[in-house]
Structures are given as structure tokens and as C-alpha cells.
Amino acid sequence: MILVTGATGNVGRNLVQELIDAGEKVRALTRDPATSALPDGVETVAGDLSRPETLATALRGVDRAFLFPVLGALDGFLTAAKEAGTRHIVLLSSDSVTFSPPGWIGEKHLACEQAVIDSGMSWTFVRPTVFMANDLGWAHQITHGGTVRGAYGAAAMAPVDERDIAAVAAHALRTPRPGTTYELTGPQALSQTDRVRVIGEVLGLPARFLQVPREDVRRQLTGHMPPPAADFLLDQLAAQAQPTPVLPTIEQVTGRPAHTYAEWVAHRAADFGGGQRAEARVHLS
């Protein structure tokens, strides 16, 4: 039995589908099974990673688990998982742990990785760069005037499709290789300006990036994330004078090319009508 935590998130939902399609027995952990809308064939159970007392049923008979990084709240889950006989953990981490220095977000993910190592269970770490799904935070601006206001428009990153992260995580769960780390990027290094342009082209909407002062963006970000996280994200953009190197990991692991940014936009087209709701989906990578 494979347990997927964070099962209704950007990666978790796709991972559940990958595992079901592969014929695996899957149990999904979510706070509210009644509203999860997960596919047929998955056993959905209620639980909360930050409340270990809710996890006993979810972990019963589980030998492998996908662990969403609830920052600072993994020890209880890991203790319960080991006591339940879970053998292997696949942790969703972040490429920020490789930065020098790792920064506020990188340090949080390093603490998650260390907690998994200290648990004594075997592990695999999946370290994606910035999610393509983070750009859903632009949805409201694109659909209400077409101008995306942000800092560092020329910053070129290689964002990764959540479907590709899920595919690598599924491989890591189905074919565990203890001690392995998968570092993931998308197939293209694109500036923020280029990504807004692609969104407009794919959706058939006017769209442009307008650079504004860093402090204006920081004030917006700190409305829905801790100030150190906002500073980290802005520092990450400021550091991208050179494009992020593109890694071949996804194709090497899955046997197919990583999804392009344009393919992701087409796949998530309906979500660009989500407006402000998209801001809550930012993955702190």
C-alpha cells in the first residue's frame, strides 16, 4: 500500500492518478475526504500531518509513503509511520537546499530532509525548481486587463510542470532506490516576461509583463506568506542574471520529455479564471 499525503495538491492529485494508472494500491490522506474529488480506485482517509493522532488509520498497512513538506511538522508523521511499519519515504523537497546559502526556504526544506534521514527509514528526495503552477498567481491580472506587474522581469528560470514532478515521484515510490535524490527542472529557461507572453499566446488574451519596484511586489507577497519567504523568492529572482540550467532528469526517469511551458498553460487554461484563489497554491521552492 502506498500512502499519498497532500493528495489534493498540485503534485499529490497528479501522483494519485499516476499510481492508480500503474495498478498500485493507493491511499490518499486529506483533511476532508468528502470534498477531495479524487479518482475512482483510491482509498481516501481523513487526517492532518500536523496532528499525528489522526494518522493511525491512514498508515495501517502502508509500506511506502509520499510526504508533503509541511514545514516544521513532520516529526509526528515520521514517528507514526515507522511504528506502523512503513519502509520507504519519498519526500517532496526543493532545489533551494542546494543554494549557497540555502536561504530561509532552503533551510526549512533542509530541516525536512534531515527529519526524514533521522527517522531511520529509507528515503528518496524529489527536489523540483519553481513550479509552473506558481504562475497561476498571475491569473487575476491576466484576465483583468492583461498586465502582470512584478519585479525582475528578465529573471530566467526553468519552471517545472507538476505532472512531471508527480511522474518522478511515482517512479521513486514504485521502484525505491534508497538514498537517491532527483533534481528537477522544466525543459526551458524562460524569463517572467517570456512566460507572460506565452500565457497570452496560448490563451488568446492580451498579456504583458510590467516591471515594478521590488518593494511593491514584496508588500503584495507578504499578504499571504511570511516576510522571510517573500524575501527569499525575490532574492531568487534577483539572482537569475543567467538562465537556470536545464536538467534532463525528468526524461531520464520517465522516458518521455518534460512538458513545455506552453503545454502546461494549455493544460491549466481553465484555472487562469481562478483569480486570487491561485495565490494560495504557491510552492515555496
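This is a predicted model: local features need pLDDT of at least 70, side-chain atom pairs count only at pLDDT 80 or more; totals for chains, interfaces and linings use all residues.
Across the whole structure, the search returns 4 aromatic pairs. One of them is formed by tryptophan 123 and phenylalanine 125, which are stacked, with 4.0 Å from centre to centre and 15° between the planes, and both of these residues are buried. Another pair, made by tyrosine 261 and tryptophan 264, is tilted, with the centres 5.5 Å apart and an angle of 35° between the planes. Tyrosine 261 and tryptophan 264 both belong to helix H11, which covers residues 261-267, and they sit 3 residues apart, about one turn of the helix. Tyrosine 261 and tryptophan 264 are also buried, and ring pairs join Tyr261 and Trp264 with Phe272 in a cluster.

Is valine 90 buried or exposed? Valine 90 counts as buried because its relative accessibility is 0%, and the cut-off for buried is under 20%. Setting aside residues up to four places away in sequence, valine 90 touches Ala65, Phe66, Leu67, Thr124, Val126, Ala169, Ala172 and Leu173. For a sense of distance, valine 90 and valine 130 are separated by 40 residues in sequence and, C-alpha to C-alpha, by 19 Å in space.

The second residue is threonine 147, which lies in strand S7, residues 147-150. Threonine 147 has a relative accessible area of 12%, and therefore it too is classed as buried. Which residues is threonine 147 in contact with, once its neighbours within four places in sequence are left aside? They are Gln141, Arg208 and Leu210. With arginine 208 there is also a polar contact, in which the side chains of the two residues, threonine 147 and arginine 208, are joined at 3.3 Å.

Key. Residues are numbered from 1 along each chain as its sequence is written. Side-chain values use heavy atoms; hydrogens and water are left out. Rings of Phe, Tyr and Trp (its six-membered ring) pair if their centres lie within 6.5 Å; planes under 30 degrees apart count as stacked, over 60 as edge-to-face and the rest as tilted. Buried means under 20% relative accessible area, exposed over 50%, partly exposed in between (1.4 Å probe, protein chains only). Helices (H or I, at least four residues) and strands (E, at least two) are DSSP runs, numbered from the N terminus. Contact means heavy atoms within 4.5 Å. A polar contact is a pair of N or O atoms within 3.5 Å; within protein, one must be able to donate a hydrogen and the other to accept it, and residues adjacent in sequence count only if both atoms are side-chain atoms.
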